[in-house]
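Work through the following exercises with the sequence and the coordinates open side by side.

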Amino acid sequence: MVNLAWRRRLQLAGLLTPTTVVIGVFFLAPLAIMGIYSLLEPGLYGGVEWSYYPDNFGRVLGWADGTNEDFDPVYLAVILRSFRLAAVTVLLTLFVCYPAAFWVARQPERLRNFCLFLITLPFFTSLIVRLYAWVLILRPSGFINMALQTLGLDRSLNLIYTEFAVLVGMTYIFIPFMFMPLYASVEKLDPRLLEASADLGASHCQSFWKIIFPLTLPGIAAGSIIVFIPSLGNFIVPSLLGGAQVMIIGNLVEHQFLAARNWPFGAALAMLIMAAVLVCLMLHVFFQSRQSAREVLR
């Protein structure tokens, strides 16, 4: 029995070792480097000075010493804008995908599989190519303004390099990430529950809020987390569709590392993003565990 237990432990260790090494080398080690750099002093010509320097966080959170670093509320404004755009992206993708998931789930199997293929089709094309297509559509001489001018509009609309363009781009690229969890929840719905609700005299709104919404809430929560996290730190979409007019925290981190060469401050901003993501994940796990406990008690 002892030998068998040791064999199982060795087998488990053998199975987990490659994954552990990969996670340690490509995730934990870079994360540790970023955490250390965020507490070091920026070098005069880039890089870091190996001395403790907490004012990197103070520039954002307000405890800068006022001598070497000053608190600048513009960084908080960028962070708040990032959260707002990420939250609006979640709402827009949910607005688009929720009814679409119900429609796809009610189709015959062959058409349903074809629709799922269409949802995943953008992954076969480069993200840069897809975003440049939106640049061609939204620019002053693009498709939308040309169509409006054909209809009689005298002046072109300022669509590109705005928050509107950033929201359009992020909603477009994150639709599949919201659709798949929603579709998985919608597909599991038992139509007999809706029939029973109708037989008991419930209206369509009552059936939705009492049956459909609670049963699809796990898919909504999962899709929202999956969309919110990459939206918060995204820098490609704002760079191409927002330009210098719309800066979010992902662009700010990129600027600090590449242009300003202030690696410690860029690392501090990156750690703040990761802290926000960790809080979101912990809240999701907390509420999901409470929901599971309620279901067990029932």
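Two residues are in contact here if they have heavy atoms within 4.5 Å of each other. The model is a predicted one.

**Exercise 1.** Determine where Asn145 is placed, and which residues beyond its neighbours within four places in sequence are in contact with Asn145.

Solution. Begin with the secondary structure: Asn145 belongs to helix α6, which covers residues 143-150. Next, take the accessibility, where a relative accessible area of under 20% means buried; with a value of 1%, Asn145 is therefore buried. Then list the contacts, leaving out the neighbours within four places in sequence: Leu138, Arg139, Pro140, Ser156 and Leu157 remain. For Ser156, eleven residues away along the chain, the C-alpha atom is separated from that of Asn145 by 5.5 Å. For Pro140, the backbone oxygen lies 3.5 Å from a polar atom of the Asn145 side chain.

**Exercise 2.** Count the aromatic pairs, and describe the geometry of the pair formed by Tyr37 and Trp50.

Solution. Ring centres must lie within 6.5 Å to pair, and by this rule the count comes to 14 aromatic pairs. Tyr37 and Trp50 form one of them, with 6.2 Å from centre to centre and 85° between the planes, an edge-to-face arrangement. The pair links distant parts of the chain, since Tyr37 is in helix α1 (residues 2-37) and Trp50, 13 residues apart from it, is in strand β2 (residues 48-52). Elsewhere, Tyr98, Phe102, Phe208, Trp209 and Phe213 form one aromatic cluster, while Arg59 lies over the face of Phe265, 3.9 Å from the ring centre.

**Exercise 3.** Compare the UniProt record's transmembrane regions, including residues 83-104 and 116-139, with the modelled secondary structure.

Solution. The unreviewed UniProt entry lists residues 12-40, 83-104, 116-139, 159-186, 207-229 and 265-287 under "transmembrane region". In the model, residues 83-104 are 100% helix and 0% strand, with the end C-alpha atoms 31 Å apart. Residues 116-139 have their end C-alpha atoms 31 Å apart, and that span is 71% helix and 0% strand.

Technical notes:
Residues numbered from 1 in each chain as written. Predicted model: local features only at pLDDT ≥ 70, side-chain atom pairs only at ≥ 80, totals over all residues. Heavy atoms only, no water. Phe/Tyr/Trp six-rings, centres within 6.5 Å; stacked < 30°, edge-to-face > 60°. Helix = DSSP H or I, 4+ residues; strand = E, 2+ residues; numbered from the N terminus. Lys NZ or Arg CZ within 6 Å of the ring centre and 35° of its normal. Buried < 20%, exposed > 50% of the residue type's maximum accessible area, 1.4 Å probe, protein only. Polar contact = N/O pair within 3.5 Å; in protein donor to acceptor, adjacent residues only side chain to side chain. UniProt positions renumbered as here; feature names shortened; annotations may be inferred.
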